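Okay everyone, thanks for coming. Let me put the structure up and then walk you through it.

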Amino acid sequence: MPIRVKSRPQGVQRTESLRTPSPRHKFGFVAELPDISEEDSFRDVVKKLSIYIADTVVLPSTFEQLRTTAAGDGLRALVDHLGRTCTHPAIVNALLALKWHYGTSVEDKGLMDARANACEIVAWRFLTHLSEREAVDYCLYEIPDPKDVESHSPTDEEEGEVDEHSALLAQALHSSVGSSRRTPHSASTKRNLLLSSISRLTMSMTGDDEDGDGEEEDPTANFTNLNALEIAAIADAKRFLSQAVVQKIITGIWEGSIIFWKDLSVHSEKKPQFYNPNTADPFSRLRVPKYLKSFEVLFFLTFLGLYYGVLVERDPTRITPLEIFLYIWFAAFALDELSEWIDAGSIFYATDIWNVFDMAMIAIGATFVGLRIVGLETHNEEMVNLSFNVLALEALFMVPRVFSILSLSPYWGTLIPCLKEMGKDFIKFMVLVVVIYCGFLTTFSLLGREHLSLHDMVMSLTKIFFGSSFVGFDLIPKMDTLLGPPLMIIFITLSSILLTGSLTGMLSNSFSRVITHAREEYLYVYSVYVLEASTSNRLTHFYPPFNLLAVLIFRPLRLFLPSDNKFRAARILLLKATHLPIVAVIEFYEWLTIGSSKGTQYSGFRGPRQAVIGSPHPAAAKRFAQARLSNNSLRADNNNHLSQLRPPAITAISEGAIAGRRAQQQAADEAVEGRAFGQHEGDVEARIVDLTAKIDRLTELVLTLQTQSSTTLGNVGVA
């Protein structure tokens, strides 16, 4: 059927007002791309990115829509632009900080979640434009503190200064500039500080800096000394952390391929770098998370043995030598947990569920020691028995804590987040159960007050909730004959069907919600586990119970001795003396497992190599650039020469030969690169000479084949 179009006569003016166009998302529209230079401060980078994200993502969109549909065109343009032009080392930090800000906003939740997803997508897509070693630079870059005017030398464990704290905790400390003592805040206060920082910055959607004139007004000051992986962990950027290149970096930190301390000396500085056993101090292996956690398991096994020994011995009249050792282990454990909280920061510490077990163990241990001492001093037998009963509660947390290493496996690492989410939902649901049960408890207690006490009624209703429905029917004859039976039947039906069924369905939904993203949940737990063990800014880290020895020796000395280089040197000497057997075991283990491949642990990271991640040594970089340029020129000359002599008849042969020569040349480049960054000169020179000879023989073979083919083709043409 033809479509009829009603035309409007010409010359007739429209008197009615134009209709307001419907709102639509202009997917084809791309906002002005941010111009980010390497000289920009972190504050400027965050602000420029926030302006672009706000202009590009204007409608609620899911993660998959932004990743796969036209809704993410602006993000693709931003990624391409950053990949071509941006060299700012804090670009990934800024994107993940914005992700956290948008993800925790309560206003216009759908739009803010879309912007948070957009920031996360741009962050991990930007890494795909880089080589793996360049990705290491960006992920481990720590935001510098422009107000830090103090010395960058490492501090001691007990000094409590800024450099002594980890990256996260350092930002949770709030004081004036130049203060040598700072007070730690709680995890919630820390989150409020960081969120308010970004919120103040993104409230103004202009490119001009109007938020403050001085350094004190910098809203991003609380993010200093944080690297991108730490921000991703506290921002719950689980998709970012689950990317292959990011996980390779985290695994490198876990295995010790990437280290933060090259040696233990007075002037050592924390710098992320690739581990080279030929130049690194063996005692730097004490800071590898894999070995830290392995020794932690051994410590807990010893702790558990002492615990069982004291409970079996159970001497109510005196403190036995075995109990004294248990006290020492308790004190060392508590001190180590305090140091871990300082090193990892309150947010990281609260993220790891096993730290909740640690806090419970410390609280129970302190209660036991207090009751035990008071009971012995007052000769109170009941209090002594109570102290051992309290100590028996320790097994509820200590036994699972010993096997916490299982959370590194994919199976157990997935179940732990599931149990955590189910526990949260169960606690919320129990609030409703308590409210309902309080109402029925009051009614039933009054209806059966002549035959049942309040305690008996509480126990009976509890049994009904846990499935013993017959208990309710037994109570009916003891209550009012008119109101008792119908109310009890309603209560039994409510408990057995409605409440229990709702609880089961809700917990099943929580389990399904987490298990759907099982891989991301496991990798997030694994990432937090690794980062928590590697973010310390302390130069000397004593394993428990050696940490008690360090406190007992050096804490009193600080009262009248200055914390100078000699003081730090003494701490380093004590560390080496006490931990020498542990280092020997680590070296023997690496000798057995790594063997002949030792020294090439970081070869799996492809791309440009740097002596120190994020800050290459100038002389080494210059030598590498000159050698690489020379090799590239030689390769270009050979390619031009071969292209002039290549006849069509042997194109396949020559291309195969050239491909082989390129592979050999790449190996030669790696050898030159190794020489530039301090490998053995004799080995490098021998490798270069060998590879050069192979390349020359291959070139001569190609030229001979080409000459023979040209002669043959010429003879055929003459004939």
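So, how many helices and strands does the protein have? There are 27 helices and two strands, taken as DSSP runs numbered from the N terminus, with helices being H or I of at least four residues and strands E of at least two.

Quick housekeeping: this is a predicted model, where local features need pLDDT of at least 70 and side-chain atom pairs count only at pLDDT 80 or more, while totals for chains, interfaces and linings use all residues. Residues are numbered from 1 along each chain as its sequence is written, and side-chain values use heavy atoms, leaving out hydrogens and water.

Of the 719 residues, 46% count as buried, and buried here is under 20% relative accessible area, with a 1.4 Å probe and protein chains only. Cys86 is buried at 6%, and Cys418 is buried too, at 1%.

H4, residues 91-103, packs on H5, residues 109-128, at about 160 degrees, and the axes are 8 Å apart. The axes are lines fitted to C-alpha atoms over the stretch in contact, and angles run from 0 to 180 degrees between N-to-C directions. So H4 is roughly antiparallel to H5, a label for angles over 145 degrees.

Who's touching whom? On the H4 side we have, among them, Leu95 and Tyr102, and on the H5 side residues including Met112 and Phe126. Contact means heavy atoms within 4.5 Å.

Terms used. Angles under 35 degrees count as roughly parallel, over 145 as roughly antiparallel, 65 to 115 as roughly perpendicular and the rest as oblique. Buried means under 20% relative accessible area, exposed over 50%, partly exposed in between (1.4 Å probe, protein chains only).
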